[in-house]
Amino acid sequence: MRINFVLPRTTNKPVGGYKIIYQYAKRLSKEGNDVHIYYLLFQGNILTTFLRKIEGQIFKDKYRKVDWFNLQGVKLHFDQTTENIINISDGKIIATHWSTADVVYRSNCKLANKFYLIQGYENFDPAVTEKKLDATWHLPLKKIVISKWLYKKGLELGINENDMSYVPNFIDTKEYPILEDERQDRKMISFLWHNNPQKQSSMGISVATALKTKFPNLEIVMFGANITDHPKNIKIINNASVNQLNNIYRHSLVYFMPSRLEGWGLTGMEAMACGAAVVSVDNGGIWEYANNKSAIIVKNKEKELLNAICSLITDSSKRDKLTSNAYREIKKLTLDEAYKKFLKVLNS
């Protein structure tokens, strides 16, 4: 079977949504499918499109390369125009972002083979209006949503339940082994930095700074892609590898998420799998893999986030209860199970 994923243009840096697609693509390829990933060039007029193509040729390591994830066996097509995507006629074709939905709909593939993988409600994107975003949901594409709250969002938008399939995200236990009896020397607090305003990295830095004042012996680690903020007394890890992330999570007493909106929130799940206690703002996605027994979930208020983290730093019994419950929940969300559901939808 030929499978065509259509993604926005790559910038060759780790992104959770891209990683999920890459994991499906690689698994599909290993199973003998002919898997292609097309990176759609965001087009303007003839001149800007031409300039973006030249930009891609000059900065190949950024726009025409993926070296942070092993995609061996998957065929990559960089800086594709709308016409390139429309001309695809063979196999299944999957939109993965609001900006790729319309061109997938207009492709020459059979309508029954057109899908829309929805990993978030992207109204935070300044390039799209809510009206235009909602219109992509109403395109006659088979919709695959990764979370229950996105499924409910679809119903609110008037999408028929028969036009949506719920396929939850997963933890790859080969990358993040679940070792319930591991005993690490945990003297670290960690969080993710991201330039997207909805991630509220500025709040994260403020909370981390306050924690360093209260607990000067704790190490605070902030990781992310292409970090531009460099606060004092916080260790920065740019473009962390899977091994580096394992090391961060497995030495963290607490991993906290200041993000106010998540389709899922992969880093929280990764941290839970590695035995860190998780504190999160109520961002929607956290409830897909956590509850009040496996994480502390607070209102979107800096003081509440800070107090919750402090309570876990000082109460080892409370931490242990959370992490034990978290292990039990996370073990249910495997790549094997998600892949079976994803494949079933593609073959439906």
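Below is a tour in short stops, each with something to select and something to look for. One thing to know before you start clicking: this is a predicted model.

**Stop 1: helix α1 and its partner**

Select residues 16-30, which form helix α1, and then residues 335-346, which form helix α13. These two helices pack at an angle of about 75°, with their axes 11 Å apart. That makes α1 roughly perpendicular to α13. Now show the side chains where they touch: α1 brings Tyr24, Arg27 and Leu28, while α13 brings Leu335, Asp336, Ala338, Tyr339, Phe342 and Leu343.

Stay here and pick out arginine 27 and aspartate 336. Their side chains meet in a salt bridge, 3.0 Å from N to O. Aspartate 336 counts as partly exposed, at 40% relative accessibility.

**Stop 2: leucine 28**

Next, click on leucine 28, which lies in helix α1. Is leucine 28 buried or exposed? Leucine 28 is buried, with a relative accessible area of 0%. Leaving out residues up to four places away in sequence, leucine 28 touches Ile3, Phe5, Asn33, Val35, Tyr339, Phe342 and Leu343.

**Stop 3**

Still in helix α1, select glycine 17. Glycine 17 is partly exposed, with a relative accessible area of 24%. How many Å separate the C-alpha atoms of glycine 17 and glycine 263? The separation is 9.3 Å, although the two glycines are 246 residues apart along the chain.

Move on to lysine 19 and glutamate 175, whose side chains meet in a salt bridge of 2.7 Å, N to O. Lysine 19 lies in helix α1, and glutamate 175 sits in the loop between β7 (164-166) and β8 (188-193), so this pair ties together parts that are 156 residues apart in sequence. Both lysine 19 and glutamate 175 are buried.

**Stop 4: a network of charges**

How many salt bridges does a search of the whole structure find? There are 14. For one more of them, select arginine 9 and aspartate 79, whose side chains meet at 2.8 Å, N to O. Arginine 9 is in the loop between β1 (2-8) and α1, and aspartate 79 is in strand β3 (residues 75-80), which puts the two 70 residues apart.

Why does arginine 9 count as buried? Its relative accessibility is 16%, and buried means under 20%. Aspartate 79 is buried as well, with a relative accessible area of 5%.

Together with Arg9 and Asp79, they are linked in a network of salt bridges.

**Stop 5: two backbone angles**

Keep aspartate 79 selected and look at the backbone. Its phi is near 45°, a positive value in a residue other than glycine.

For another case, jump to asparagine 226, which has a positive phi of about 55° although it is not a glycine. You'll find asparagine 226 in the loop between β9 (219-224) and β10 (235-238). At 40% relative accessibility, asparagine 226 counts as partly exposed.

**Stop 6: a nonpolar patch**

Switch to a surface view and colour Leu47, Phe50, Leu51, Ile54, Ile58 and Phe59. Together these residues make a nonpolar surface patch of about 620 Å². Pick leucine 51 from the group: this residue lies in helix α2 (residues 46-58). Leucine 51 is partly exposed, with a relative accessible area of 47%.

**Stop 7**

Finish with helix α11 (residues 302-314) and helix α12 (residues 316-330). Two packed helices are described by the angle between their axes and the distance between the axes. Here the angle is about 105° and the axes are 5 Å apart. That makes α11 roughly perpendicular to α12. To see the meeting point, show Ser311, Leu312, Ile313 and Thr314 in α11 alongside Ser316, Lys318, Arg319 and Leu322 in α12.

How values were computed: Residues are numbered from 1 along each chain as its sequence is written. This is a predicted model: local features need pLDDT of at least 70, side-chain atom pairs count only at pLDDT 80 or more; totals for chains, interfaces and linings use all residues. Side-chain values use heavy atoms; hydrogens and water are left out. Patches are made of residues with over 30% relative accessible area and no salt bridge: like charges are joined within 9 Å, nonpolar side chains (Val, Leu, Ile, Met, Phe, Trp, Tyr) within 5 Å. Accessible areas come from the Shrake-Rupley method with a 1.4 Å probe; for residues, only the protein chains shown count as cover. A salt bridge is a side-chain nitrogen of Lys or Arg within 4 Å of a carboxyl oxygen of Asp or Glu. Helices (H or I, at least four residues) and strands (E, at least two) are DSSP runs, numbered from the N terminus. Buried means under 20% relative accessible area, exposed over 50%, partly exposed in between (1.4 Å probe, protein chains only). Axes are lines fitted to C-alpha atoms, for helices over the stretch in contact, and angles run from 0 to 180 degrees between N-to-C directions. Angles under 35 degrees count as roughly parallel, over 145 as roughly antiparallel, 65 to 115 as roughly perpendicular and the rest as oblique. Contact means heavy atoms within 4.5 Å.
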